Amino acid sequence: MRQQRRPSVALFVGTFDPFTIGHDNIAQRALTLVDRLVIGVGVNPDKRTLFSADERLEAIRQLYADEPRITVELYTDLATDLARRVGAQFFVRGVRSVKDFEYERDQAAFNKRLGNVETLLLYAEPKLAAVSSSAYRQLVFFHKDADWMLPKRGGQARENGSETNNSKQ
């Protein structure tokens, strides 16, 4: 008799302020490796965000509304606590640089120790290596076009930046 395998669940966590094309690329690639992906939108009171937690949550939910294997959850505790709640066996993380790798290596060790959850690192595609939420926020602050960093089938374009984002400065 064949033993039925447990569906693989991965957790992709971050502040996602905003969720960029780089994040979307990691999520799409993760779906080729696991049965289900949970995107955890973190609330960190020490971080100043451009978008509220509810705006970030809703934008990502809208982005994946037609993908039943992706769910989006808000969390205010440790990522390992969320992993336990959603039954995740893996964390999925994107790596753009050596700096990212060193940070993610340390986080993977903590996640393994605290929650016995393995970490899968996916390297950023070279064309997306410079895309980041912080770069988006900086461009918006200086009234520059940043919408190219957001997924086209959804997104979180700033209402007050819509006219400046369309003008080439």
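1. In the protein chain, 73% of the contacts with a separation of 6 or more are between residues 24 or more positions apart; a contact means heavy atoms within 4.5 Å.

2. This is a predicted model, in which local features need pLDDT of at least 70, side-chain atom pairs count only at pLDDT 80 or more, and totals for chains, interfaces and linings use all residues. Residues are numbered from 1 along each chain as its sequence is written, and side-chain values use heavy atoms, with hydrogens and water left out.

3. The protein chain has six helices and five strands, in the sequence pattern β-α-β-α-β-α-β-α-β-α-α. Helices (H or I, at least four residues) and strands (E, at least two) are DSSP runs, numbered from the N terminus.

4. The five strands form an open sheet with parallel pairing, in the order β3-β2-β1-β4-β5. Two strands pair if DSSP finds at least two bridges between them. β3 (70-75) and β5 (118-123) are the edge strands, each pairing on one side only.

5. Strands β1 (residues 9-14) and β2 (residues 36-42) run parallel and are joined by six bridges. V9 has R36 in β2 as its bridge partner.

6. Helix α2 (residues 53-63) packs on the sheet and touches β2 and β3, with its direction at about 175° to that of β3. Axes are lines fitted to C-alpha atoms, for helices over the stretch in contact, and angles run from 0 to 180 degrees between N-to-C directions. Helix α4 (residues 98-115) also packs on the sheet, touching β4 (90-95) and β5; its direction makes about 170° with that of β4.
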